[in-house]
Amino acid sequence: MGNRSSLLLREEEIAQIQTETGFTPNQIERLYSRFTSLDRGDCGTLSRDDFLRIPELAINPLGERIVNSFFQNDDFNDRVNFRQFMQVLAHFIPIKKNKENKLNSREEKLRFAFKMYDLDNDDMISKDELLAILHMMVGTNISEEQLNSIAERSITEADEDGDQMISFEEFCKALQRTDVEQKMSIRFLN
Amino acid sequence: MAMLLTILSIGGSILLTPFLMLLVCIIFLASIGKSIGVRRLYVKTLLMIFEYGRKDIETALKNNRKSEKNEDIDEGYSEEITLEKNNENYSVSNGVANGRNNTVINKDDNLVFVPEPPQTKTEEKPSNDVIVQPKEKYNDFELSTVYEYVKAGVEAIIEDDVTSRFEAEELKNWNLLIRTNRGHEFISWKLTFIWMCGFCVRYFFLFPLRVIICCFGVGFLIVSTFSLSLLPKGSAKRWLNEMGYKIGFRVIGQGISAEITMHNVQWRPTRSSVCVANHTSPIDVMVLSTDNCYSLIGQRHGGFLGIFQRALARASPHIWFERSETRDRHAVTNRLKEHVSNPKNPPILIFPEGTCINNTSVMQFKKGSFEVGSVIYPVAIKYDPRFGDAFWNSSRYSMLQYLYMMMTSWAIVCDVWYLPPMYQNEGETAIDFANRVKSVIAKQGGLVDLMWDGQLKRVKAKKEWKERQQEEFSKRLIKAE
């Protein structure tokens, strides 16, 4: 029962997560109750399967990439604990003017977005990586040539130094006029 | 020591007579289907106590907040929505929309994932600028195009519409049962005292009484169905069976203090029809059976439920099939047709969701029961979760554990709405008909109408649904190419 286990969250842990992420204690408790209900095995951590058991996520074309972003920090571990879980979610807290926060700044949001494409974690988006994401998005509905041309065009539009790759700096520039703050923010309620 | 024992035995023998009197009285009243209003009074009193508890908790929380009040300035994007202001819910009667309470986030609705998006919905109307913006961008693929999907995905991780339907519903206010608390027991001494009294009443008075009544009810059903099975077929047997069936379930209903309100009895299902209801727990059957005799259809169970099923099948036609047979949909449909074709058979009760859902929503109706071609009587059942959660989380609790929880709850309060009979329109597919019936039930019961399959409780989402989403995205891209 999600409710009962929320008692297991200690005050210190809440305070720690609060300073790390900027969530309010109330939000932390509610998200903890969500965390425990996703945790089918009652082991205090989530596996990839635990995430993909959410149907709405499982049918999201990018579902697996999104889940993957929870498992970034540490390659050897295939489970996420509550702190890591909260740190990823903190990227989606709306930006507040007078509150400095390490995790939800515009740059962090862009970094999170960049990593969606960066499949091999080399801080560069290659054409193959872009193609792979396009494949995830459209399945078999669009022909290979068309996808190829879309990928090529996107690369050349963003590429400045002519290496046929998009670096993080180039990525930021390409998205300069995009409202990342809004696109990568979720309205958390108090 | 000996003194104590004698005192106990004397006290016991004095208390035993009124206890037995009470028991006989309850069973007698239940069997003639009358109520003298004790339960109504009991339910009202409980509501007053909960209201008192809620106030107490609120004042305690306020005092806590004052000490640690930190100025949390919200501006612009994050909206100020106070969830505490839901007190009016107390005056509102049962069955009013209460789908999504206790939300953590406010979702953007411009990208909603449903298993099969209706064809007409592909053209989203740009109602406000939040939607207009991404819409323009679809003229071509851009790096930022996919972020709507990322956001929707993360939102689903925080809160989704499906998995929460298979968990016990969260209550806004503590109903003084341990299993629904959020650490409220030690808010104040007054409340703890009330809780202790409630505990004693529930476990040392109500529970034993309910167990005895329930055993009597089940015993009555078993004996009556057995003796009925010896009678020759005919209208007398049918009549006796109907009586025995209703009396048996009424007594069992007393055993869990069911306070059932039937609405629109003029639409009570007639003979040889199909009755379709939303499913929360096996208790649904009992709730409906206190008012009408049904034929039941379902999987053969073992254990306690199995004894029950075999007993029922002796006296009247029920359809129990083996687990292996469920795959053979044709066989099941044929048996259904056969049953409905006999005008003397009682209406058949079907829960087309195929699984128990926590009574906040209705999920996809399996089309099988709508292929029979008979008249459908929809029934909406809505339990009042404040007095005890009727939802059976079958993956967590066994049937007897569940019954134990029911019997130690305050009561099972529910509303049943009979709805006007529905017929399949000409040219309407079974799936469309099923959806139409489902939405009627959802509307009446104040439940959220979901397209998702209830089987997602056990199995993962189907690959085809994801392919549908990919198709949708491709369409948006192609349009611009």
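1. Residues 211-231 of chain B are 90% helix and 0% strand, with end C-alpha atoms 31 Å apart; helices are DSSP runs of H or I of at least four residues, strands are runs of E of at least two, and both are numbered from the N terminus. In the UniProt record (unreviewed entry), this span is one of those listed as "transmembrane region", together with residues 6-30 and 186-205 of chain B. Residues 6-30 of chain B are 100% helix and 0% strand, and their end C-alpha atoms lie 36 Å apart. UniProt annotations may be inferred rather than shown by experiment.

2. This is a predicted model, in which local features need pLDDT of at least 70, side-chain atom pairs count only at pLDDT 80 or more, and totals for chains, interfaces and linings use all residues. Residues are numbered from 1 along each chain as its sequence is written, chains are lettered from A and ligands numbered from 1 in the order in which they are written, and side-chain values use heavy atoms, leaving out hydrogens and water.

3. Helix α5 (residues 189-229) of chain B packs with helix α10 (residues 399-407) of chain B at an angle of about 125°, their axes being 9 Å apart. Axes are lines fitted to C-alpha atoms, for helices over the stretch in contact, and angles run from 0 to 180 degrees between N-to-C directions. The two helices, α5(B) and α10(B), are therefore oblique to each other: under 35 degrees counts as roughly parallel, over 145 as roughly antiparallel, 65 to 115 as roughly perpendicular, and the rest as oblique.

4. In this contact (heavy atoms within 4.5 Å), α5(B) contributes Tyr203(B), Phe207(B), Arg210(B), Val211(B) and Cys214(B), while α10(B) contributes Tyr404(B), Met406(B) and Met407(B).

5. In the UniProt record (unreviewed entry), "domain: EF-hand" covers residues 105-140 and 146-181 of chain A. Residues 105-140 of chain A are 67% helix and 6% strand, with end C-alpha atoms 36 Å apart. For residues 146-181 of chain A, the values are 61% helix, 6% strand and 31 Å.
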